[in-house]
Structure formats: structure tokens, C-alpha cells
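Hello,

I am handing over the structure below. Please open it first, then read my notes on what turned up.

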Amino acid sequence: MDNTNKKKKKLSRRKFLVRGGLGTLGVLAVGTYVFRNPLRRQILSFANSMDMSYMGSGIEPMIWFEVTSDNKIVLHSPKVEMGQGTFTGIAQMAADELDVEMDQIQVIHASTDTGNIDTFSTGGSTSIAGLWQPLRELAATLREMIKTEGAKKLGVTVGEVTSGKAQLTGGGKTISYADAVKDVTAWKVPDTPPLRDIKDYKFVGKPVARIDLEAKVFGDPIFGLDAEMTNMLYGSVIRPNKIGAKYVSADTSKAENMPGVVKIIVEEDFVGVVANSYIEAENAKNAVEVQWDVDRNWSSEDIKELLKVGNGNPSLIQKEGSDIDTSEEVIKMEFGSPIGAHAQIEPNGVLASVETNKATIKISTQVVNLTRKEVAKRLGFKDEQVNIIPTYLGGGFGRRLHTPHAAQAAVMSKAVGKPVKYCFTRKEEFQHDMFRPPTHHILKANLDASGMIKAIRHDFSSGDVAIDSAILPGFLNTILGADVGAIRGGFCQYGTIPNIRTVSWHVELPFATSWWRSLGLLANTFAWESFMDELALKSSKDPVSFRLAHIPNDEAGKRLKAVIQAAAEKAKYSDEVVNGRAMGFAASTDAGTPCAQVAEVSLENGKIKVHKVTCAMDPGIAVNPDQVRAQCEGSIIMGISASLYEKMEVTDGELTPTIYGPYQMALMKHAPKEIDVVLLQGIDKPGPVGEPPLGPIGAAIANAVYRLTGERLTHMPLQA
């Protein structure tokens, strides 16, 4: 099928492709500014739990799929593959409706020239959940289109044609999909046919092997840093070491005469070096003498003081009943989390080739459409003149939700008339990350005579997460009153408590903070679930039954109760310390996906050792159960790393460390020997998977340590 022949149809035919959570959120946000606090709280609650729909363009199957001459189906994915297994999951969904085998479908990244563009991003655990409905409808529609063309060649009616294994049979004859579509140039897109019953699917719900496994095992050049073009040069950009440093001037005279240097580009906002090799570009960059204006040398203590609850702008995001009764006994605790780096394996990189009226960009990015717009604006091009070719990502975690280096590489390529490849050094990755912001939490509660929670309050302070990022503009903070990313996990999920107050405090930090896997979920759940553990002890109740007693019997409550009970039963949860090991319990709900975890922990030479984690999660339909379990395992290990080891410091105005090793992370020896995952299905569609399992792990570990030592750990990274 010729992918260039795209007969345009009215948008209403596929209007599900342009519906999306952010579109709804944007409309409601305007109303919030008028109706103020009550509606604000409703919108923020919705944003905290919403399952984002797909928001891309491309309304015809021919934009998404190709049928090749060797009878394969190529799916152009608008979502990028960064290790989460998206390509395999969407291949399963498409194969079941297309009537093809898994080895007959190939998934590649959709370049923007195909017209299949995701207008939002790859992130927020939305890829499989968001594509569940539209992708299956597109695949089913294409199947019927192929059958229509096949019927003509078989000399039968469409109703006489059956499909299977990329073949059509009718009238006693069989032809391949490739033969059916051969020489077809004008396509008629029918109304979307009914989708098959999920129980009849061959692949959805089954543990299908990863379709990108072979390429990764054999080291095929599929990542951004692998990208090459003929006659390409290498670029480097000069960046400051100090927080808040502003460029004043640069002396490039020494660098201009160094070996291999092709050109030095001085722009208003950056200085770039282009050379014949990477090392020559780096050497010349280091020889450029730059003057920076630095207003203040920040320290970690400065940041800690700035971040305290009570500073910044407060927003009441949850309100039920009355506030804490200070005339009664008030149980109070404080918690905190540090600055966190993304620390992904592959540093950011880009290869740009700019010609007179066309720019081609190969890049590992989570925001294909945004990157296209930024490059086009910088070059003075129309969006259609820029082709973004996404690559596999060697780790994303939100780090690649803004890739302005694409525009910088494009400027350098235009200046020298050749392709330019540019990538961050590891030091630049650490110092110029879009960090996970540090947080500060104060929780208070009153208990009644029976030990139940009568009133609870959570005040938490954070820098930017989602708002004022490349995706969501800063003015939404004014409209909404709170950052929709920072509040993730900040709400009280125990809905039978009669009196609840949750207040988000937004603080302007002097360095860039933004999306980090699970957004505010890890820090907020650590505070909430550690406090719930303390309240359970104060009420002389076990932490499992104490939580269950505070959860309502609505749909969300029943799903949360189910994962709590499943985790406790599978782990055989006990408050007792046995052979030097103790268990800790925690639970959270993120984007509608509830998750509960039990961590089994000991102390070895004074260090916390996690031996086993039991995880129960309800993601709805698990398109690929093995993949979902792998996501749980990856989230848990990432959460262990963040909870026990990871921390950025600010010293003499610089963010440090700037290399692996000094920036401590969990190693293979720190991983639990066993991670036991139980999957439940409480809804009849796939829900978000990639981030919800990050929520409970920090609190589960801390709660286990309390049972070992009697010490309540209140600040991450946790140290006994």
C-alpha cells in the first residue's frame, strides 16, 4: 500500500483521535479562573486521576499502516519506545484486529513526514491505555479495506471473504494481503467496523516476546546516539556550571584556530562549536572563554530553607468537612525528599541536517511534535518543512520531554551547510537536567476514641513538575493554583475520613525542575503512607486493616481494597520481626491504577537491605502480562534507588555530583532477590502501568525499617 496516497476525509470520521484529557483540562481551566476554589479542586482532582486519551493527528489507517510487498504490516507508531515495551503492546493490539501473526507485523517510529503525529508526548503511562481504542479501530478498518480490495481480485463479494495470517480466502482461492492491495492507489475508508470480543483475541492478554529484543541483544544501531548521516560533523554547546548563570560574552579566538574546528557559532542564547570529530569539538569548547553573570551562589541549605511549607503560594486542593481540631491531641510528622536526577543511560543527543527549505532531525525525544515546532520556529520554517525522525530512547523517565538541543543542532547545521551531530556530556546531563524537585511535607491528624482518623491534613511544598514545562505553560499555575504534576499522589485516598485538608505549596526554585517518572507520586506517597503507618500504630491496629477501614466501597475504593488485600495475602504480611527481617506495607492510586506493596527488609552492617517486594496492582486489561510485570519490577527497582541512594546537592552554586558513582544509585547487588507481582483486573480496559508501581515502595521500606529499629525514617534517601 502506497503510504503517499492519502485520500483526506472529514475529521468527524475519526474524531476519537483528537479527543484528549489535556483539551478538556484546558477548557475547564478557564472556567476555574472564574469560579475559583471549588471548581479548582474538582479540576485538580480530575487531573490527578485522569487516564489520558490519545491526542494525535492522522485520521486514516493508511497513515498508520503499510502493507509491504513481502506481505508484512508496518505500523508507524506515534508513541516512542524507551524500554517500556510499547511497540510490543501496540503490535499485539493491531495484530488481533488485522488478522496477522506477530512475526508479520513490524513497528517503527512514525516520522513527522508521515502525518501520524502525537500532539502531546510519550509519557504519563498513557501509550497503551491511550491507544487501546483508536488503534484497534484503525486496524479493524484497514482489515475491512483490504478485504474489499481482495474481494475484487478473488471475484467474490466481501461477505464471502475470510481473513487470517495476512491472507484472504474466498471462492476457493487464497491471496495474500500484499496481492490484495497491489496497485491500489485510491482508497475508500469505511465506517469503523465492530471490534472483536476481547476473549477472541489471540495475542492481547498473552505474554508475547518483545519485538525489539533481537535488535537490542545484537546491538543494532537504533538509539539516538547511533544516528549517522553522510559527511556529518560534530557539535558542542558551551554551558555554565553555576545555577542561574547568565551569558555575558565569549572570547572564541583561541578555539577558532584549534585542530579540526570548522566554525564557532555565537548566538544570543548559546555558543556552539562545530568540528570534524567529537573530541575536537569538545577540546575547542573548553578553550572558549565565557563571561557569566551569577547573582548568587546557592547551597543545599538555601534550597531546603526556601522549600519549607509556608513559603511559596498555597492552594487548597482537597477539602472535606472541617480542618484539624487543635483543641484535641494532634499527631504531627514532617517528611522530605531531595533533588533527584533522571540519570538515564543514554545522554541527550541529536543529529540535524538543514538544507535550503528542509530540515531533517534524528533524535531520541518524548515530544516529537513539540521538537518539530521548536526547530521550525528557530529556523523560520513552516512545521511541514521539518521532519523529525524519532529513535529508540536509552531511557526517558521524563528527561526527554523537552529537547531544545534539536534547535541548537539545527542552527549549527545551517551555519556549516552539513549535518551536525551533538550530544551532552555526562557532566552536562547531571548539571543541566530537568530535575525531580525536592519536597517538604507536614502531616497532622486527630484520632477518635476508637482509633479511627477523625481529621487529617497534608501540607506539601514542591517546585515545578508539569506546569511551566515545555508541554504545559506557566500561566496554568495562576489559573489552577497548583501544579498538576506536583500534586500526583498528594491527595488523601482514604475517603471515609470525615475531615480532610490537602494544601499544595508552590515554590519557585532557582534551577530547572520538571517531569520525573511518576511526577509527585513517589514523594507524596512516601509521606502519606509513612504517616498512615504511624497512625495505625497509634490506634493499636495493624496497618492493613487500618487502611481498609478508611476506604469507601465505591468503584475506586473496591479496587484499592482488592490490591491491598492481595498484596497482604500474597506476602503473608505480619508486623513481627522474624530472623532479623521485617515487613512494611504501603499503597497508592495513580492515574486510576491502584497498587499495594509489601517490602521485606533487614539491616546489614547498618545499611538497609531489601530482600523481597510483593506488589499487587490493578491495571485493568494487561495487554501483555509479562510486560506489565516487567514495568512493575522496573518501577520498584527505580523506586528503591531513589528512596535509598539518589540525591543531588547544591554546593557553591553548582549542582553536584556530575558523574555516576558519586551520584549513588542502586546497583545489581542492591536489587531484591525476589519481586512477586500479582495482577488484578478491576476494569475492562488497559489502565496506566509505567508509573503507578513507583508510589508505594519508599514508604513500604521505611515502614519495615520502623519495625526493625523503632525509628521512623522521614527523609529520603533513607538511612537507618
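The side chains of Glu534 and Arg712 meet in a salt bridge, 3.0 Å from N to O. (A salt bridge here is a side-chain nitrogen of Lys or Arg within 4 Å of a carboxyl oxygen of Asp or Glu.) The pair links distant parts of the chain, 178 residues apart: Glu534 is in helix H15 (residues 521-538), Arg712 in the segment after H19. Helices (H or I, at least four residues) and strands (E, at least two) are DSSP runs, numbered from the N terminus. Salt bridges with shared partners join Asp533, Glu534, Asp575, Arg707 and Arg712 into one network.

Some ground rules. This is a predicted model, where local features need pLDDT of at least 70 and side-chain atom pairs count only at pLDDT 80 or more, while totals for chains, interfaces and linings use all residues. Residues are numbered from 1 along each chain as its sequence is written, and side-chain values use heavy atoms, leaving out hydrogens and water.

Back to the pair. Glu534 is buried, at 13% relative accessible area. Arg712 is buried too, at 13%. (Buried means under 20% relative accessible area, exposed over 50%, partly exposed in between, with a 1.4 Å probe and protein chains only.)

Asn703 sits in helix H19 (residues 697-709). Asn703 counts as buried because its relative accessibility is 0%. Its contacts (heavy atoms within 4.5 Å), not counting residues up to four places away in sequence, include Asp533, Arg547 and Arg712.

The salt bridge count comes to 39. One of them joins Glu81 and Arg210, with the closest N and O atoms 3.7 Å apart. Glu81 is buried at 0%, while Arg210 is partly exposed at 27%. Another joins Glu144 and Lys147, also at 3.7 Å. They are three residues apart in helix H5 (residues 127-154), so about one helical turn separates them.

Now the domains. The assignment gives domain 1 (15-217), domain 2 (224-294 + 348-423) and domain 3 (300-340 + 434-709); the bounds come from an automatic or database domain assignment. The C-alpha centres of domains 1 and 2 lie 34 Å apart. Their contact takes 18 residues from domain 1 and 20 residues from domain 2. One salt bridge is counted between these two domains. Asp113 forms a salt bridge with Lys358, the closest N and O atoms being 3.2 Å apart.

Best wishes
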